[in-house]
Every structure is written in structure tokens, then in C-alpha cells.
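Q: I have a protein model open and want to learn how to read it. Where do we begin?

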Amino acid sequence: MSVWLPTSPCTPEACAGHEGRTASVPHAVLRLIGAVALVLLGILGAPPVRLLPAGPRHAVVRAWSAALVRAFGIRITVHGSPGRRGGRLLVANHISWLDIPLVAAVMPSRMLAKSDIRAWPVLGRLAGRAGTLFIERDRIRALPATVTTMTRALLAGDRVAVFPEGSTWCGRAQGAFRRAAFQSALDAKAPVQPVHLAYLRPDGSPAGAPAFVGDDPLTASLWRIARARGIRAEVTLLPRIPPGRHTDRRDLAAAAQRAVTDRASERTPRTALPGQTTGPSATDRDSAKRPAASVHHWVSSSPATASSFRTPS
């Protein structure tokens, strides 16, 4: 792996444990079967759905994405309003592969993802059919072309979603926002929508089960989430940063990160993780030419139907 690629100190052993109620093995298996059925349905239904007008297409994407999250027994709570229609750059903290359907359940977007996801069984094919934008993380020379593609999508009125930390964190702490993706918002004169994601236990503390960090195998993550009970996913749509407020991507990235970090600090104090110091993390050492390509990133478009909603538990 290239030395400039982002990393986090989170590990499955230290961060991804589940404390609390667990589902029985048969119940967990049924959850996985339901999730797999939804994914297969998504693959089969993606071509005709893409032919629908924008409004109905986005409604289908929201419904399917919310159903996928719920298939794992996770409730969704949304705070804030998406505001007016139109292209914007969505930037969110990154905890899990679940972030992708979670964001799509609220604001369907074209996601930016690492190219490796194309090779994932089933999910890679679904991501491709969903209009995902892929980036080759090991080829820094490919970054300008990726930014150009993102800019064109924003100019076309799409919402483009990225996870600018560049790597997944467990939710108890966050990484620095990489700056490269923000150049597309500047070039397209599009607003930036900060989004804060959190997976919470019944007492409001961060839930470890959804965290997909370090060298955690996808199969282990799927089973851990399927076994967990009482988890709620919270999506907070923070005020948009209008175009023109910041003319430098460094300042724009810092403003978006402050918005997300401030929301996180309202929920729970920032705590040091195993092996992490209280000083600047490795992800703070950024370069304007480093890609904002996380373990999972995505991209589509459509407004949420309400400023706040809950899916029943």
C-alpha cells in the first residue's frame, strides 16, 4: 500500500465489539437472507429503475436503501432538511459499509468508491449499476480525471457523496477531511452538504458492531451486524456551505470537517483510541493531490421526503 494512503488507528478487536442484546443465530441468518435477497433484487432491478424519471427513481432508491438497512435490524433517525433540489457535494464521516445505503436512504447520491469494490462479489456489480464513480487509490495521476468527472456530475445537477476521511473510523473519533474532492465543488460552484453519521446503542453511546475498520473481513462484519440488536443509525443533515463562501479547498474542507466534528462532540466527547495520541493524527498530514477515496464511497440524486423520519423498529 502507498505510504500516502489514509489510515486510522481503529481495529476490529478494539473498536468493533458489541455490548448489549444479541439476536439468536436463526434470527441473524434470516436477517442475512433478507439482505441478500434485497441486494439481488437491486441488481436485477437497477437497469429498469435507471430508466425512470428522476423523482420516481430516487423514491425507489430511498425505499430500497432503507429496507436494506432495516434488514439488519437497524432503525434510522434523520435530523435536518436537505433543502432545495440541485447538485451538491455531500461529505460525511465514514464508519461502515452500511454508510452507503444509509446515505442513499436519505439523499440518494452518486457515490465515489475505490476501484477495488468492482471486484466484490455481488456488491461490486450492484455498485457499478447504481452509477458509482470509481477511483484508483494507488494511482495519484488518476485523481484529476476523477475530480473532473465529479465536477461534471455536479454541474448536471447530481448529488455526489464522498467520505473525505479516506478510511473508516469506529465513530468514537474521526480522521481529517482530505481536500481533493472539495475541488469539484469549487469548480462546479456547487454547495457542500456536511452530513454526520452515527450508529448508537439504546443509551445513546456509539455502537461498535457496525464499525468496518482495519483488516475486518466483510463476512465477519456482516455476521456481527446481523447478531446485534438495539442499534439505531442517526443521520444529521447539517447546514449547507454555499458556493463562494470559501475559495480555497483547504478552507472549504476545514469548514465541512468542523461542522461534522461539532455535531459529533454534541453527541459524545472525543476519546482517544488504542494506539492513538491526543495530538494531530496521521491523517492530518494532507496533500492537495491526495485522493478523497475511502474504503467505500458512492454518488445519484434526490431530496428526502421529510426533514425528520424514523423507520419502525
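A: Begin with helix axes. An axis is a line fitted to C-alpha atoms, and the angle between two axes runs from 0 to 180 degrees between their N-to-C directions. One caution: this is a predicted model.

Q: At what angle do the axes of α2 and helix α3 cross?
A: They cross at roughly 165 degrees. The two axes come within 9 Å. Angles over 145 degrees count as roughly antiparallel. That makes α2 roughly antiparallel to α3 (residues 54-71). The crossing of this pair, α2 and α3, is left-handed.

Q: How do α2 and helix α8 cross?
A: Helix α8 covers residues 218-227, and its axis crosses that of α2 at roughly 120 degrees. The axes come within 8 Å. The pair α2 and α8 is therefore oblique.

Q: Is the crossing of α2 and α8 left-handed or right-handed?
A: The crossing of α2 and α8 is right-handed.

Q: Now surfaces. Which residues make the nonpolar surface patch?
A: A patch takes residues with over 30% relative accessible area. Here Val-25, Val-29, Leu-30, Ile-33 and Trp-223 make a nonpolar patch of about 440 Å². Helix α2 (residues 25-50) gives the largest share, 4 residues.

Q: Where does Val-25 lie, and how accessible is Val-25?
A: Val-25 lies in helix α2. Val-25 is at 43%, so it counts as partly exposed.

Q: How many residues of helix α4 are buried?
A: Buried means under 20% relative accessible area. In helix α4 (residues 99-106), 8 of 8 residues are buried, so the helix is mostly covered. Among them are Asp-99, Pro-101 and Val-106.

Q: Is Lys-189 buried or exposed?
A: Lys-189 is exposed, because its relative accessibility is 66% and the cut-off is over 50%.

Q: Where is Asp-251 placed, and how accessible is Asp-251?
A: Asp-251 sits in helix α9 (residues 249-267). With a relative accessible area of 40%, Asp-251 is partly exposed.

Definitions and conventions. Residues are numbered from 1 along each chain as its sequence is written. This is a predicted model: local features need pLDDT of at least 70, side-chain atom pairs count only at pLDDT 80 or more; totals for chains, interfaces and linings use all residues. Side-chain values use heavy atoms; hydrogens and water are left out. Patches are made of residues with over 30% relative accessible area and no salt bridge: like charges are joined within 9 Å, nonpolar side chains (Val, Leu, Ile, Met, Phe, Trp, Tyr) within 5 Å. Accessible areas come from the Shrake-Rupley method with a 1.4 Å probe; for residues, only the protein chains shown count as cover. A salt bridge is a side-chain nitrogen of Lys or Arg within 4 Å of a carboxyl oxygen of Asp or Glu. Helices (H or I, at least four residues) and strands (E, at least two) are DSSP runs, numbered from the N terminus. Buried means under 20% relative accessible area, exposed over 50%, partly exposed in between (1.4 Å probe, protein chains only). Angles under 35 degrees count as roughly parallel, over 145 as roughly antiparallel, 65 to 115 as roughly perpendicular and the rest as oblique. A crossing is left-handed if the near helix is turned anticlockwise from the far one by less than a right angle, and right-handed if clockwise.
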